[in-house]
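Please open the structure in the viewer and keep the selection tool at hand.

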Amino acid sequence: MRKGQNIMEVLDVLNLGEIAHYFSKMAMFPVFDVAYYIVSILYLKYEPGAVEVSRKSPVASWLCAMLYCFGSYILADIMLGVSPIDYFHNNSHILLASAVWYLIFFCPLNLFYKCVAFLPVKLVLVAMKEVVRTRKIAAGVHHAQHAYHHGWLIMVITGYVKGSGVALMSNFEQLLRGVWKPETNEVLKMSFPTKASLYGAILFTLQEAHLLPVSKSTLICLFTLFMATTKVFMTARHSHGSPFALIESWLCHLLFGSPLDIEDAHDHHHSAPAAASVPLSPAKTKEELSEGTRKRKPKKAE
């Protein structure tokens, strides 16, 4: 308890408490939400065959885009017994996401796509998306806490789903594009954002249960800083690895007897884009893998 008080005293001296409080109350709509939609639909366009689907079946492409933007809300609502189309009553969000989808896929000369895919601009958008992701995780845990006061597992799962986005619905989204690759299930092969969402949901659940000696606003600020910094660094380097790989490998080895395959995992992450450039991997799994595919095949995606 004394340790927690010391942490709060240090934050008060640095005046980080007020900054964190202001940051946690900052509105996401429309600026940060637009960035979230842009990056999400940008990853959709990276998918092999996504451009062809948009030309042949714009409705299917639009539905995929809506899943990329609002899939986390749909899945979380289903879990909590709310209508899965409840979020679609937010007309402003739907119109905004639809406008972004149209500009990315159908803007003349691909001008909008080229602007948002320009690396310096994209890095800013990626960082802004992680701000929204953290808020969604915190909101999911808080929502579940109100419905199930002592259901820690439910709180973790809801926050995890809210942060993971469409990744957990990847197989369903693939079906809309006429692709079926069950082996690419995100639960079986988690990407960094999915893992980070799980760990973030655990942290926010501990905070809601008053087991973590940090205020909610401070935790939001710190976790956002971690997510934004890590994702910007990974995007800039076109990296598909995970900063958790070393710790996870040792823990799995100690707890479950899993082999220590750190080097193999490292090689897999760096060879994935090359493998994705051939027709053996057309399905959507991880947004980072898709980004690598797009970078290696710019002409096909345009």
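The stops below concern aromatic rings, charges over rings and a pair of helices.

This is a predicted model, in which local features need pLDDT of at least 70 and side-chain atom pairs count only at pLDDT 80 or more, while totals for chains, interfaces and linings use all residues. Residues are numbered from 1 along each chain as its sequence is written, and side-chain values use heavy atoms, with hydrogens and water left out.

**First stop: ring pairs**

A pair of aromatic rings is described by the distance of the centres and the angle of the planes. Rings of Phe, Tyr and Trp (its six-membered ring) pair if their centres lie within 6.5 Å; planes under 30 degrees apart are stacked, over 60 edge-to-face and the rest tilted. The structure holds 16 such pairs.

Select Tyr199 and Phe244. Their ring centres are 4.8 Å apart and the planes stand at 90 degrees, so this pair is edge-to-face. Tyr199 belongs to helix α11 (residues 192-208) and Phe244 to the loop between α12 (216-237) and α13 (245-256), so the pair ties together parts 45 residues apart in sequence. Helices here are DSSP runs (H or I, at least four residues), numbered from the N terminus. Tyr199 is partly exposed, at a relative accessible area of 29%, whereas Phe244 is buried, at 15%. Buried means under 20% relative accessible area, exposed over 50% and partly exposed in between (1.4 Å probe, protein chains only).

Next, select Phe223 and Phe226. With centres 6.2 Å apart and planes at 45 degrees, this pair is tilted. The two residues are three apart in helix α12, about one helical turn. Phe223 is buried, at 7%, and Phe226 is partly exposed, at 32%.

**Second stop: a cluster and two lysines**

Select Tyr36, Tyr37, Phe70, Tyr73, Tyr87 and Phe88, which ring pairs link into a cluster. Then select Lys45, found over the face of Phe105 at 5.9 Å from the ring centre. A charge sits over a ring if NZ of Lys or CZ of Arg is within 6 Å of the ring centre and within 35 degrees of the ring normal.

Select both helices. Residues in contact (heavy atoms within 4.5 Å) include Phe192 and Leu203 of α11 and Phe223 and Met234 of α12.
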